[in-house]
Amino acid sequence: MDSEGPCALSDLCLAQVCHSLDALCCLRVDGSMSLIHSPILPQEMADQLLHRMASQGIINDRSVGIFRSSKELRLRRASIRRCSVSDQAFQLAICPHQLMELDASWVSGGLTGADVISGLASNPACRSSLQRLSLNGLRLGWESLEKVGVVHFSSLQGLRMLNLANTDLSDAVLEDICTLPHLESLDISCSAVSNVNALLECKNTLKSLTAHRLGQLDMSPARLLFVFNQLHALRHLDFSEDHFSVDDSDGKDADETVRQLLEGSPQMLPSLVSLDISGRKKISEASIRAFLKSRSDHLTFLGLLATGLSSCDVLSSLNNLKVTGEADENQVCEALKRYRDRECFIREALVHLYNLTTDTDKPKPDMLKLVVQSMQSHPASLHVHLVATACVFNLTNQDVSQALPVSLLTSTIMQLLDAMIAFPHHQQVQKNCLLTLCSDYILQDVPFDKYLATVLVINWLSRHEDPTLQRMAVAIISILVAKLSREETTQLSKDINIMKQLLAIVQQRAMIGVADSTLKFALSALWNLTDEVPAAARNFIQCRGLELYEEVLESYYTEPSIQQKVLGLLNNIAEEEEFQADLMEEDLLEHVLHLLQDSHLDVGVRYFAGGILAHIASRSEAWTLDQELLRTIEKQLVSVGKDTFKCRKMSFRPFSILLQTGQPSGVQLWAVWAIHLVCSQNVSHYSSMLEHEGQIELLKALAAHPDTHSDVRRLSHSVLLLIGQHQSRSGASENQKKRENS
């Protein structure tokens, strides 16, 4: 069981609703969705549904329409973060609700901050109920409101928290905001604000001010300190800087402000318990010591990432103080938690995290989760993904992954696939993702979109020829293809370039005569790709795969593992009637016959050699070669040995033709022999498959038919006996369980 425990029932229900949304909804005239049956959901559940849809990226003008039913789906804490929603859809679906919180950060679709404010203010209930509003990354578009004289931020009198980071916030709009009577938390980071005198208007209520990277701030240190000194209620001050964007000549006034604040009297900002000056490269260790000496009793957080000061020895003695920095894992993880929306700090923290986890041998799920969240927060940042994917490899390497929660690994791998999509041409990002994927445990036991992963790895393989990476990619493909459904494999096979790519690798390795893992993985991938998939078999033949495989059979006569993979694929082709004519090559069949006859060869090789010949011989009316060869094949199939071998996962559907009473005895014997082999090894697995696919009835018919060869009849009875004994044991065991339970 996943160490995080089973999913909550509510989460499973929400996931099913999101998955089945089209089936649960009808469309309005304008194309928006409406629930066919709309029960009154608990209010918290409506919030969770919207949040779930937003996080999965399925909120848009069409789907958000279900929330127009504001009586049944009552929103209080709404999030449309990073969704594509237009002004009209927002007005109809979100604004009618009596919201307490709204996160419209980074919304695309043309929605502006002005649209949000005017829409919310049009609902009288929202004017007083809305307490938290985040418009991070949204264009305010305030000029439209100025022209028509519509309400401003100050119309939302209940606001306590406002996030306007990464917006076109101006000094004039800031003045309006600061008149809000209950404003406690304000984020104006990365905005166009040049003067913060307006903050004096809310000096008695403002508890948290985040002013990261105010690149256009134009105030003297003395004036800025005067404003800060008046904010008597302020508990958290973030005056950090983007260390990547500032050179030695910039930010001198701000750095001087910070220095004076650190070295000044504790009477300045007396309520302060949290200070963030990360990225301020000009701050001295002496200033930090002075600040900690006067404030250590009350201080709970200090941001020092990218300042070069986080290793200051005085910090180690303050056990209750949380610090962002690079001195140890705790500081780096604290940075990843607090700076999720700041690319500059996430990049910095991930670099240090990579160095700290290079030789890790212990599972660190909390750390991995932070890395994945960083990638999710910056989906288009190459810098973040370059380092984050390397960190993921460190944190899932070797045996560590098996001790991590499966659900966490699933979300991690899906995030890596998103990275491969976002940066298809960046070799290092792709390599990092492949390194993590190339794990037997992850590929075999962790659930994720294996079809998408297969397509991405194949696409990558077609663009690169580095031997090491090629071997890794082919290994991944060979395992993933075996995990696909028949429908997915068929879909994959529509692209003939996939077949060309894998055959090219086989030809490349065969030309230099190596029997390495790259060749074996490529052969396994092709074998799995053609298993009961006619489209793949057709592509194989069109790409001259038969000619290549005949050469490989001859060249690698002493390599049973390669011979078995080659014959396994040819057996897949022989199972399809429409392609049997393509195998009517005398040299090829004589070579396969020779392999069947050679008792010194691996039994797996002889098994598939017999399978190919049995399928070809099963349709004597389609035989186009010399009749003597056909009689020889039938004779050799009759004398097939009774060896055992470890069979791969298989289906008996192709055997139905071979078990018909009118087939030659050699064809019947090979099929019954093969069934007997696998049932002898694992009757509990294969008996239900034989019954489900109808082979048991065919075996009974063979055993009862007067013209059946004695060896065929004997083996058929043996198989039926094995299955009967298993069913008797299973029935007895089930009855025993019932008696014990009763």
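Is Arg538 buried, partly exposed or exposed, and what is its relative accessible area? In this predicted model, Arg538 has a relative accessible area of 33% and is therefore partly exposed, since the buried class ends under 20% and the exposed class begins over 50%. The side chain of Arg538 meets that of Glu578 in a salt bridge, with an N to O distance of 3.2 Å. Arg538 belongs to helix α24 and Glu578 to helix α27 (residues 577-580), so the bridge ties together parts 40 residues apart in sequence.

The structure holds 23 salt bridges. Side chains of opposite charge can pair when their charged atoms come close. One of the bridges joins Asp341 and Arg81, at 2.8 Å from N to O. This pair links distant parts of the chain, 260 residues apart. Asp341 sits in the loop between α12 (329-338) and α13 (343-356). Arg81 sits in the loop between β3 (77-79) and α4 (87-93). Asp341 has 33% relative accessibility and so counts as partly exposed. Arg81, at 24%, is partly exposed as well. Arg81 and Asp341 also belong to a network of salt bridges that includes Asp103.

A further salt bridge is formed by Asp516 and Arg509, with 2.4 Å between N and O. Here the partners fall into separate classes. Asp516 is partly exposed, with a relative accessible area of 21%. Arg509 has 16% and is buried, because this value is under 20%.

Glu551, Glu554, Glu585, Glu586, Asp587, Glu590 and Asp626 form a negative surface patch. Two elements, α25 (545-555) and α28 (586-597), each give two or more residues to this patch. Helix α28 gives the most, with 3 residues. Asp626 is placed in the loop between α29 (603-617) and α30 (627-638). With a relative accessibility of 46%, Asp626 counts as partly exposed.

Backbone geometry was also examined. Most residues other than glycine have a negative phi. Cys190 is not a glycine, yet has a positive phi of about 55 degrees. Cys190 lies in the loop between β7 (185-187) and β8 (208-210). Its relative accessibility is 25%, so Cys190 counts as partly exposed. Glu532, also not a glycine, has a positive phi of about 60 degrees. Glu532 lies in the loop between α23 (517-529) and α24 (534-542). At 14% relative accessibility, Glu532 counts as buried.

Definitions and conventions: Residues are numbered from 1 along each chain as its sequence is written. This is a predicted model: local features need pLDDT of at least 70, side-chain atom pairs count only at pLDDT 80 or more; totals for chains, interfaces and linings use all residues. Side-chain values use heavy atoms; hydrogens and water are left out. Patches are made of residues with over 30% relative accessible area and no salt bridge: like charges are joined within 9 Å, nonpolar side chains (Val, Leu, Ile, Met, Phe, Trp, Tyr) within 5 Å. Accessible areas come from the Shrake-Rupley method with a 1.4 Å probe; for residues, only the protein chains shown count as cover. A salt bridge is a side-chain nitrogen of Lys or Arg within 4 Å of a carboxyl oxygen of Asp or Glu. Lys and Arg count as positive and Asp and Glu as negative; His and the chain ends are not counted. The place of a charge is taken as NZ of Lys, CZ of Arg, CG of Asp or CD of Glu. Helices (H or I, at least four residues) and strands (E, at least two) are DSSP runs, numbered from the N terminus. Buried means under 20% relative accessible area, exposed over 50%, partly exposed in between (1.4 Å probe, protein chains only).
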